[in-house]
Amino acid sequence: MSKIHAAITAVHGYVPDYRLTNQELEKMVDTNDEWITSRTGIKERRIMKDGASSDMGVKVMEGLLAKRGISADEIDLLICTTVTPDHVFPATANIICDKIGAKNAWGFDLSAACSGFLYGLTTGAQFIQTGMYKKVVVIGIDKMSAIIDYEDRATCIIFGDGGGAVLLEANNEGLGIQDSYLKSDGSGRQFLFMKAGGSAFPATRETVEKREHFAYQEGKTVFKFAVTNMADAAATIMERNNLTADDIAWLVPHQANKRIIDATASRMGVGPEKVMLNIEKYGNTTNGTLPLCLWEWESQLKKGDNIVLAAFGGGFTWGATYLKWAY
């Protein structure tokens, strides 16, 4: 009996209409287009003016269901990877299920910062591989503008809103998710985090006045860790599966910084023509970057393509996943 793999059978994405350009940011903080572009590769990012993460999730889900030609009540499980949930509780996954009418699904949120979608993909795959469920959705969605301080030039230039989702179903042809290499190191938590709002630092007048309910990043330290670990994870997944650069059809890297992406591709020996890159127009959408890339490049993907996804996020969290495209 052939092994069951969890394969992506549909992908869809969504970004808000409003474009926050580097030129507009120049009027808000002490920065300029040349500085932002040369250090990050970002030209603009999308911002959701009204609504919550779940509202973007609904847009994604409507497109995903239509593309696959299925109804919401066919979904067994929805995993929502996000750092900007609608509420601390209930889970945004449950809110999305309610809004789209997924009456037969259960769901939960998974929080692993920018590596969340990779973590969710690996988690969702287990339910397919065991035969427990037939249709599992993994959605990566973030309204980063809700937790960004637009007076902090270290973070406001980087992040944007948006996300995407994939549908996982069983595959008996050897296609789908082949291997995942996931890591975390909590000692890095103070370099990229949101200090207040949890049980350690509940909301008070003081935490609000100190602007501690916004994302904080120590850029140089995070860059150093990310550029090493994301590249290492991608190289490790290749070594474990005896893959050469020639075997790889596409690298799908987390869109945090173009220099980190370039370093990862270089470590893998993969040329720029095989790298999915949309950071210039969306910025870092956190959990949304990987599915947004798959959505934008979907028409170029071919059945059997070897694809490596790699990410690095606050926590620290990082990893890589190897999959064979199924359609």
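Colleague: How does the lining of the second largest pocket divide by class into nonpolar, polar and charged residues?
Modeller: The model is predicted, and this pocket has a volume of about 540 Å³. Its lining holds 26 residues, and those closest to the centre are I158, Q217, G219, F223 and N257. By class, the lining has 14 nonpolar, 8 polar and 4 charged residues.

Colleague: Which element gives the largest share of the lining of the second largest pocket?
Modeller: The elements that give two or more residues to this lining are α2 (33-40), α6 (153-156), α8 (219-240), α9 (258-268) and β12 (306-313). With 6 residues, the largest share comes from α8.

Colleague: Which residues lie closest to the centre of the largest pocket?
Modeller: The largest pocket has a volume of about 1000 Å³. It is lined by 37 residues, and the closest to the centre are V83, P85, S111, I147 and M194.

Colleague: Which strand gives the most to the lining of the largest pocket?
Modeller: By class, the residues of this lining divide into 19 nonpolar, 13 polar and 5 charged. The strand that gives the most contributes 3 residues and spans residues 192-194: this is β9.

Colleague: Which are the edge strands of the open sheet of 5 strands?
Modeller: This sheet has mixed pairing and the order β1-β7-β6-β4-β5. An edge strand here pairs on one side only, and that applies to β1 (5-14) and β5 (106-110).

Colleague: At what angle does helix α11 run to β1?
Modeller: Helix α11 consists of residues 289-297 and lies across β1, β6 and β7. Its direction relative to β1 is about 85 degrees.

Colleague: And what is the angle between α11 and β11?
Modeller: Helix α11 also lies across β11 and β12. Relative to β11, the helix runs at about 140 degrees.

Colleague: What does the twist average from one strand to the next in the open sheet of 4 strands?
Modeller: The order in this sheet is β8-β13-β12-β11, and the pairing is mixed. Its edge strands, each pairing on one side only, are β8 and β11 (250-253). From one strand to the next, the twist averages 15 degrees.

Colleague: Which residue in β13 stands opposite G313?
Modeller: Strands β12 and β13 run antiparallel and are joined by 8 bridges. In β13, the residue opposite G313 is T317.

Colleague: What angle does the direction of helix α5 make with that of β8?
Modeller: Helix α5 (residues 116-129) packs on the sheet and touches β8, β12 and β13. Its direction and that of β8 make an angle of about 135 degrees.

Colleague: How many residues apart in sequence are the parts that the pair F191 and F316 ties together?
Modeller: F191 lies in the loop between β8 (176-184) and β9. F316 lies in the loop between β12 and β13 (317-324). The pair therefore ties together parts whose separation in sequence is 125 residues.

Definitions and conventions. Residues numbered from 1 in each chain as written. Predicted model: local features only at pLDDT ≥ 70, side-chain atom pairs only at ≥ 80, totals over all residues. Heavy atoms only, no water. 1 Å grid on protein atoms, 1.4 Å probe; cavity = no way out; pocket = protein on both sides within 12 Å on 5 of 7 lines; lining within 4 Å. Points joined across faces, edges and corners; volume = space filled by probe spheres on them. Nonpolar A, V, L, I, M, F, W, Y, C, P; charged D, E, K, R; others polar. Pairing = 2+ DSSP bridges. Contact = heavy atoms within 4.5 Å. Axes fitted to C-alpha atoms, helices over the stretch in contact; angles between N-to-C directions.
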